[in-house]
Amino acid sequence: MPRFRTDRLIRERFAAWRDAPLVAVAAVNGALRVCGVNAAAQASGIGPGLPLADARALHPALKAVEAEPEADAAALDALAQWATRWTPWTAVEGLDGGGGAALWLDIAGCAHLFGGEEALVGDLLTRLGGLDLCARVGVGDTKGAAWAVCRFLDPDRPFAIIPEGAGRQILPSLPVAALRLDAATVETLRRLGLRTIGDLLALPRGPLAARFGRTVAERLDQALGLTREPFTPRQPPAPYRARLGFPEPLGLIDDVAAGLVRLLDALCARLERDGKGARRLVLEAFRVDGTVSRTGLGTARPVRDPLHLARLFRDRLEDLDAGFGIEALVLSIPVAAPLSAAQQDISRRLNSPPQSAEKQREMALLVDRLAGRLGAMGVVRPVARASHLPERAVAAANPLEPVPEGLWPPHLRPLHLLTNPERVEASPAPPDAPPPFCDGVPSHLRWRRHTLRLVRAEGPERISPEWWAAPAHARDYWRVEDAHGRRLWLFTQAGEWFLHGGLA
Amino acid sequence: MADPHRPPHLLDSLRASIRALERPGAERTPVVSVGAAALDAALPWGGLPRGRVHQVTGGEDGFLGPVLAFAAGLAGRLVTEDAPLLWVVQAGSADDALYGPGLAALGLPPGRLLVARATDAAEVLWCMEEALRCPALGAVIGQVRSVDMTAGRRLQLAAEQGGVTGFVLPSGHGAGWREAVPTPPAAATTRWRVEAAPSAAVPWRGLGPPRWSLTLERCQGGLPRSWLVERADATGDLAVVATLSDRPADPGALRRLA
């Protein structure tokens, strides 16, 4: 991909410069120099390494963008991951100084799945073209051969494939630059009149190695497949795991805690670099007798504060059994979640000032400590849910998440709500009783071993069942007070009376 | 020679200096209103001191509704969005039935209330102690059947350290009834007993504001008192109706009025 850098910029941010000259520039020794050109700029005679001022002289309407090597590398890595659709073995060759980039694909044993090498390459080029990436593909028996033909064979076609075993016939006609040598060596060889690989092959090996060092001979052998060149595939991101070994076995909790702090520091630094926070941590203690004792904890929100995590682990270290001594500690973070700066603004409300960072940390620490001992649902925040049924109007939320909007209607509700309404024995009031007892409110209630004589009642508040749930009768809720002033929340449903909660 | 026009604040300042001698630091104790000026005046601090542990119990019949409402109302004055209340209950017990909509009406909307569900009584006390040490909280309520002297002292120390106000409530038994077990005294700064009292008749068909008989049973540096209070549903403020001695104890008299 000879124009990867500018192709990426155009694709992501500068679509208008697809056909207009655009260059990427970087400061080299205090001067801005071109380090990537698109096709239009290249047509104007601008090439990598040119000072920006000279480039502007060649084309005054030039668009210059500062190069972003890290974003380029990230995009290239993503591309290598994407290329695993053709083969599991892909690797990043890297970015060169001229804004180009290259990927390796080991397609051995994969090509037939796509109908042969040519079909695979065609598919690859079509899809890269769909990503607006200008690319050239070379296929060869060895890494060296593929590299050489990709850049130097048939420049008019978008790909070059040398059949199996044909390297010895095709490679000698290519220039020495096709051997992945540095520019200085290529220049020296050119001055000596060694222009093609064939010229080098004709020379005896001994003097060649003596004159140019081992590199030239090695590259030659690698290209022709005479020596092995390992293919190192791209690794998936390393897991969050840190190990600390001890020269003497540990037996004291304080020593383990000190070791844990060092592990936490190392892992938290990595989490910070990746913009993540730990949700679950596992600490394994490898004992001298060859057994492992482990403990772990979870956090209510992503955390990457070593102090916070160390305090959370304080209770857990007692779970570790030191046995005859601990000779190594391994801390791993199996679950990490994104933790951005914005997310640290917990429970901020529009009308209240932002909580101080210290207070937030204290709160998160408390919730994690309690939840660590009580379980994940040990600390909850009751929040409103849109339902008229009293028992369905509450949901449990994570206490550290922002409080969702929405409140309950301002009806008087009990402080305690029985999970299952309990049936009460109701004695009907005499027919000539004063209101509200003439509405069917009982004059006496019996619930468990309590007998209550009702003196006042307020209601009814009719709550209809949710038609999409199981069919049920509507409930008429009453707030009642007995002779001692005790207030209860009752409802009547299909002629039966139920107690649903105690009022203030 | 005594001056008959001695400024009245002299007596107050003398009382204050004696209090400062008796309990160093008491003068600077930040307070929260109990809900009525008459109640605040009965406390030596001029209100309920923050950063201490207080105990609220119910009456002999074990009905907990007024106890919960009184404690929730006090906590509602202590908490903010940034410093919520943590209410610790025993999971699976009858206490584990706290109902958000009811508490929201007492000044504890979802943004100000967290509920911790401990597995046993010892863990309730552990949670309370942890929470009382956390300055990010506004108040802590714990429901536990009994608190012995040692646990009570631990809670008190944690509250003073963290500056968080704690309330120890009895454990409940369904719809606000607790088992009729007398709650032993905890090492609390104040102990209140709240019992339901018959409410006044209202001219409409329904219930008026609830009335409680509120007793200050124990108070460091103060005298026990009792009041009959009425809680305004809208504001949560309490109003002293009359002292118990001034009115007939027979609730039947009220009913005849109605």
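This is a predicted model: local features need pLDDT of at least 70, side-chain atom pairs count only at pLDDT 80 or more; totals for chains, interfaces and linings use all residues.
1. Let's start with the interface. Chain A brings 51 residues into contact with 52 residues of chain B. If you want to find them in the viewer, several elements of chain A each supply at least two residues of this side: helix 14 (357-374), strand 12 (379-384), strand 14 (416-427), strand 16 (450-463), strand 17 (475-482), strand 18 (487-493) and strand 19 (496-502). Helix 14 of chain A gives the largest share, with seven residues.

2. What is the make-up of the side of chain A that touches chain B, by class? It has 29 nonpolar residues, along with 12 charged and 10 polar ones.

3. Strand pairing also crosses from one chain to the other. Strand 12 of chain A and strand 5 (residues 113-118) of chain B run antiparallel and are joined by two bridges. To see this pairing on screen, look for Val380(A), whose bridge partner in strand 5 of chain B is Val115(B).

4. Now to a sheet within chain A. Here four strands make an open, antiparallel sheet in the order 8-11-9-10. Strand 8 (240-250) and strand 10 (292-303) of chain A each have a single partner strand, so they stand at the edges with one side lacking a neighbour in the sheet. On average, neighbouring strands of this sheet are turned by 15 degrees against each other, direction ignored.

5. One pair in that sheet is worth a look. Eight bridges link strand 9 (residues 276-287) of chain A to strand 10 of chain A in the antiparallel sense. In strand 10 of chain A, Leu297(A) stands opposite Leu281(A).

Notes:
Residues are numbered from 1 along each chain as its sequence is written. Chains are lettered from A and ligands numbered from 1 in the order in which they are written. Two residues are in contact if their C-beta atoms, placed from the backbone, lie within 7 Å. Ala, Val, Leu, Ile, Met, Phe, Trp, Tyr, Cys and Pro count as nonpolar, Asp, Glu, Lys and Arg as charged, and the others, Gly among them, as polar. Two strands pair if DSSP finds at least two bridges between them. Axes are lines fitted to C-alpha atoms, for helices over the stretch in contact, and angles run from 0 to 180 degrees between N-to-C directions.
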